[in-house]
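Visitor: I'd like to understand how the charged side chains here get their labels. Could you take me through it?

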Amino acid sequence: MAELAEIISEFGASAKGKLANKAVTGAPEDQLRAPLETLVMQLAELTGLPRNAVKLVGETTLAHLSTRPDYAVSVRNALAGFIEVKAPGKGYDPRKFTDAHDKRQWQKLKTLPNLIYTDGNGFTLWQDGELKETVVLDGDIEKAGAKLFAPATTLALFMNFFAWNPIAPRSAKQLAGIAARLCRLLREEVTEELERNNPGFMSLSSEWRSLLFPEATNEQFADGYAQAVTFGLLIARVRKIGLADGLDHAAAELRKASGLIGTALRLLVDDENIKTALASALDTLRRVLNVVDWDHVSKGDPDAWLYFYEDFLDVYDNDLKKQTGSYYTPPQVVDAMVRLVDETLRDKSTGTLDYPFVRYDSKITDDCVMLGSR
């Protein structure tokens, strides 16, 4: 493990130089960023990954936001996980944080499926909110310099981090729970973007209110947005549409099968300000939901969706479930409701569905039935 020892020694020397430089301004955790980026890239090669297979995208301009982790990490151009950096000495186990901001952030970030916390003195690996591994370095990151030392388990922790792949859910209930946690994260990011007056969201929320819900608050818009995108992607997977090629591709393909929902998905994610701001949540949603096999999840049961939204709300927001009265609806009632809506909206002369703003081919019935329990 001579190579690991050398890499950690370089990390310690670089971090000490940054942290001890009195001419450098900014938060202490910011001084860890460059040494940490080098460390992660070197460890990636040490685990056997090709050079440049791993990329780190840092949220330097959004560091004050409580939902975003500091880094998104991709392996071979596929999102692998996230890294959150704390000031040296603050700790690397988020369960022990005492600062209110850090505690709130942890409640949001533990939704992520693959996440490392570090303060330079140690690392913890979290997957779906569960602690998988802990590594404590020998020496103080602010003082040890080149004498900083790491146990051999450091490499194993990063190997597991880089090798993460989403696990396909085995049941509709399990899928509902996974989708709900990621939808909640998306809702939090949307809420923060509205607080920042993101121009893409300000425009979209204004249109949302003028066309659909005039009295909607920012919180209600964020909730509606997050659920619409999440269920749009779920319907895409039911239709066997892949998500790996991006949201634009998924929306375009979905429009061929379901014009209304495909168009709605495209409109919700079309703005570049929105795509950039929500990159962590949207990319995680795409990566995780892309492995969903509805045939396997439903086990051939056409009624597998009946309890889906109720199970979803149990995890996503149980208070919202009570407020909206979202409980099991008998399939006979759902079928009747969908049939009546379909007949009411259909233009008798053309056989198409007639909406106030756009005309869509009549291919929404199955999707409405699937989500009818809402």
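This is a predicted model: local features need pLDDT of at least 70, side-chain atom pairs count only at pLDDT 80 or more; totals for chains, interfaces and linings use all residues.

Visitor: Why is the contact between Arg51 and Glu45 called a salt bridge?

Guide: The term asks for a side-chain nitrogen of Lys or Arg within 4 Å of a carboxyl oxygen of Asp or Glu. Arg51 and Glu45 have an N to O distance of 3.6 Å, so the pair qualifies. The structure holds 16 salt bridges.

Visitor: What makes Arg51 exposed or buried?

Guide: Buried means under 20% relative accessible area, exposed over 50%, and partly exposed in between (1.4 Å probe, protein chains only). Arg51 has 61%, so it is exposed. Glu45, at 35%, is therefore partly exposed.

Visitor: How do you know which class Arg286 and Asp283 belong to?

Guide: Arg286 is at 17%, so it counts as buried, while Asp283, at 30%, is partly exposed. Their closest N and O atoms are 3.5 Å apart, in a salt bridge. Because they sit three residues apart in helix H12 (residues 279–289), about one helical turn separates them. Helices (H or I, at least four residues) are DSSP runs, numbered from the N terminus.

Visitor: Which residues form a network of salt bridges?

Guide: Glu84, Lys86, Lys90 and Asp102 are linked that way.

Notes:
Residues are numbered from 1 along each chain as its sequence is written. Side-chain values use heavy atoms; hydrogens and water are left out. Helices (H or I, at least four residues) and strands (E, at least two) are DSSP runs, numbered from the N terminus.
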